[in-house]
Amino acid sequence: LLPARPQDLFHLWHADARQWCGPMSRIFVLSTAVNVLAGADVSDNTNTSTTSTSTSTSPPTSTASCQPRPSARTVVLQHFDPEDGGIEIVTETTGEKGVAMAMNPQVEAVFLWPMTTYQSNDTSQYQPSLVARQIRVHGTAVLLSRQDSRTQRYWDSLSREWQCGLVALEQGKIVENLEAQEALLAPVIKRYLHSNNEESPQQQQQPQQREDPPMPPYFAVYRITPESFEFYQSIERFPHTDRILYKRNLSSSTTATTTSTTTATTMPTTTTTPATSTPDLWSMQRLLP
C-alpha cells in the first residue's frame, strides 16, 4: 500500500538511498526558469566590482522582449521536513539560482538514486539497475529571513574554512584566473583561520578568542514548499516501471507562513511559523511510464 502523504514515501525512499548512495543521496538537480531579455544573462552580478555588497537584483520590467530560459544545477539537500515535505537548501542570493528564484520562485527538484549491479569485476560490463528511483518535486521557493533561527544555525554548522570561502568569494563573480581567486581568499583565510601563525610560541599557547567569520549579506537559506511529488521506480528493466504522482490540494495548507517584501526586486522572505494540525490533502494518480 502506498502512503497517503508523499512526504512519507520520500522519507522511506531517502532512507534506502542513504544505504545505496551514501552522502550522494543528498545531491539533487534544482531547476529554475526566468524570463530574461533576449541575449541577456540570468545573473546581472558578474560584471560588478568584487567589493560590491549589494544583494538586490533587477529583473526585466517588461516581458515583451523577454524569453523563457531554463537553468539547472546540482545542489545539496540540507533538510527534508517529514511533516510538510519542505526542502531546505543553502546558497547565495546574488548567484544565478538566487537571482532566478527572486524573479520566479517556481522550481523543480529531481532526485535520482540508482543501484547498479556489475558482472564479475569488470565494471565496463554492467547490468541494468535492478532498482532505480527518481523523485521529482515541484514547488515554490521562499527565502528565509536572516532573523530566522535556521539561517544562523546553517551558517554556524559550516566549517570555518567553508565560511571563509563564502566571505571571500561571492558566487558568480567574474575572476581573471585561479591565482586571482586565491588572492581574494588568502587574506580572509589568514584573518579568520590562521590568525595566530605569525605570533610567538608563547602567544600561541595562550588561550584566546578567535574572530568568527561574519555571515555575508548574500548568504541565504531557501525553503521549497512542494506542490507535487512524482515517484518513479524501475523494476528490472523498462517497461516494468512504477510511476506515481501526488498533487497537493492547494486549498489546504499544513504551514501558515508570513511573507514580506522589502522592495519590488527582492524575493519575499518568510519567518518561522509552527505547522498547524490540519492534515494534508493529496490526490494520487498512477501514470504510464
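Reader: Glu170 is buried yet has no salt bridge; which side chain of opposite charge is nearest to Glu170?
Author: This is a predicted model, in which local features need pLDDT of at least 70 and side-chain atom pairs count only at pLDDT 80 or more, while totals for chains, interfaces and linings use all residues. Residues are numbered from 1 along each chain as its sequence is written, and side-chain values use heavy atoms, leaving out hydrogens and water. For buried Glu170 (buried: under 20% relative accessible area, exposed: over 50%, 1.4 Å probe, protein chains only), the nearest side chain of opposite charge is 4.0 Å away and belongs to Lys173.

Reader: Which side chain does a polar contact of 2.8 Å join to that of Glu170?
Author: Glu170 lies in the loop between α4 (160-168) and α5 (178-192); helices are DSSP runs of H or I with at least four residues, strands are runs of E with at least two, and both are numbered from the N terminus. A polar contact is a pair of N or O atoms within 3.5 Å, one able to donate a hydrogen and the other to accept it within protein, and residues adjacent in sequence count only if both atoms are side-chain atoms. At 2.8 Å, the partner of Glu170 is Thr94.

Reader: What arc do the buried residues of α1 cover?
Author: In α1, the buried residues are Pro6, Gln7, Leu9, Phe10, Trp13, His14 and Ala17. They lie on the same side of α1, because they cover an arc around the axis of only 145°.

Reader: Which exposed residues does the face of α1 turned away from its buried side carry?
Author: The buried residues of α1 are covered by elements including β3 (79-80) and β11 (282-286). The face turned away from that buried side carries Leu12 and Gln19.

Reader: What percentage of the residues in the protein chain is buried?
Author: The protein chain has six helices and eleven strands. Of its 289 residues, the buried share is 36%.

Terms used: Lys and Arg count as positive and Asp and Glu as negative; His and the chain ends are not counted. The arc is that of the directions from the helix axis to the C-beta atoms. Contact means heavy atoms within 4.5 Å.
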